[in-house]
Amino acid sequence: KGNFRIVCDKNNNFLYRTTTYFFRSDLNWDDFFSLLDRKYKDVPKVNFINHCCSNGEETYSCIIGLLMRFRGLAKKFFPIAAKDINDENIVSAKSGASMGIQESDFYHIKNCIGDTVLNYFDYVAPQNNFYSIALKPKDNIKQFVHFAKGDILEDVEKMSGTNTVLLCRNFWPYLDSFKREDLAQKLEKKLDETSLVVIGDYDAKEAKVDELLMQHNFIPTSVEYVFTKAPKA
């Protein structure tokens, strides 16, 4: 439960949570990287975007997974464009601040990447008592990401529609139904069949975003919660 904060407006009305995890378990990461390998094997450059990146834990999960899977060939996915609407998240991510995790999260990370944790992170003291461990990203992974503030509803217009991998996970229920529909329409208009859209378990279960995407000409891939555009007839 890294970066577990609740964000409210000036009247103290709930807006969203910033909760994020390393290698969040609602995505089969091995299968996801295998899909990337098959789909982009002969593509020299892939646009990799992580929207609503929080403080960067999911982005660094992607970077480490890509490095471990593709080694030198991973460079075609870099740099990852990681964006979030929350100022505090982006300030923290840009500064390379330590990321607090609980002990159970640490064992999950080790289960995903084995004994290579110290290849990518330094252990540091957690900044509050909620966390038992904190990890600080090393320069060898920080170099592969550009963090910036961004609103996905506006940024869709600016992104490439070809050979794009868009992680937009576990925030859709915080949008009202009109904004969800608007985002799905924009993705349908922008992305072609060479691109992928990755959502999360929270999106599917709380807002039926999987069904929404399929209503907008996206089809499921072999990996749960990963979609691509239907081929043109």
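**How the chain comes together**

Colleague: What share of the protein's contacts with a separation of 6 or more comes from residues 24 or more positions apart?

Modeller: First, the ground rules: this is a predicted model, where local features need pLDDT of at least 70 and side-chain atom pairs count only at pLDDT 80 or more, while totals for chains, interfaces and linings use all residues. Residues are numbered from 1 along each chain as its sequence is written, and side-chain values use heavy atoms, with hydrogens and water left out. Contact here means heavy atoms within 4.5 Å. Of the contacts with a separation of 6 or more, those between residues 24 or more positions apart make up 73%.

Colleague: What is the radius of gyration of the protein?

Modeller: The protein has 10 helices and 12 strands (DSSP runs numbered from the N terminus: H or I of at least four residues for helices, E of at least two for strands). The globule rule, 2.2 Å times the number of residues to the power 0.38, gives 17 Å for 233 residues, and the protein is close to that, so it is as compact as a globular protein of that length. Taken over C-alpha atoms, the radius of gyration is 17 Å.

**Inside**

Colleague: Which residues have the most contacts inside the largest nonpolar core?

Modeller: A nonpolar core is a set of buried Ala, Val, Leu, Ile, Met, Phe, Trp, Tyr and Cys residues joined through side-chain atoms within 4.5 Å; buried means under 20% relative accessible area, exposed over 50%, and partly exposed in between, with a 1.4 Å probe and protein chains only. The largest core has 47 residues, and helix α2 (residues 57-70) gives the largest share, 7 residues. The ones with the most contacts inside this core are F32, L36, F48, L66 and F121.

Colleague: Which residues does F48 touch, leaving aside neighbours within four places in sequence?

Modeller: F48 is one of the residues with the most contacts inside the largest core. With those neighbours set aside, its contacts are F32, L36, C62, L66, F77, P79, I80, A81, V165 and L167.

Colleague: How many residues are in the second, separate core?

Modeller: M159, C168, W172 and F218 are among its members. The count for this second core is 24 residues.

**Sheets**

Colleague: What is the strand order in the open sheet of 7 strands?

Modeller: The pairing is mixed; strands count as paired if DSSP finds at least two bridges between them. At the edges, pairing on one side only, sit β8 (145-149) and β11 (218-220). Inside the sheet, 3 bridges join strand β9 (residues 164-168) to strand β10 (residues 196-198) in parallel.

Colleague: Which residues form the covered face of strand β4?

Modeller: In a regular strand the side chains alternate between the two faces of the sheet. Strand β4 (residues 80-84) has A81 and K83 on its uncovered face, and A81 stands opposite I49. On the covered face are I80, A82 and D84.

Colleague: At what angle to β5 does α2 run?

Modeller: β5 belongs to an open sheet of 3 strands in the order β5-β7-β6, with antiparallel pairing. α2 lies across β5, β6 and β7. Using lines fitted to C-alpha atoms (for helices over the stretch in contact), with angles from 0 to 180 degrees between N-to-C directions, α2 runs to β5 at about 90°.

Colleague: And what angle does helix α4 make with β5?

Modeller: Helix α4 (residues 103-113) packs on the sheet too, touching β5, β6 and β7. Its direction and that of β5 make an angle of about 100°.

**Cysteines**

Colleague: How many disulfides does a search of the whole structure find?

Modeller: A disulfide is a pair of cysteine sulfur atoms within 2.5 Å. C52 is in none, as the nearest cysteine sulfur, that of C53, is 7.9 Å away. The sulfur of C112 is 12 Å from the closest one, in C62, which is too far for a bond. The total is 0.

Colleague: Is C112 buried or partly exposed, and at what relative accessible area?

Modeller: C52 is partly exposed at 26%. C112 is also partly exposed, and its relative accessible area is 33%.
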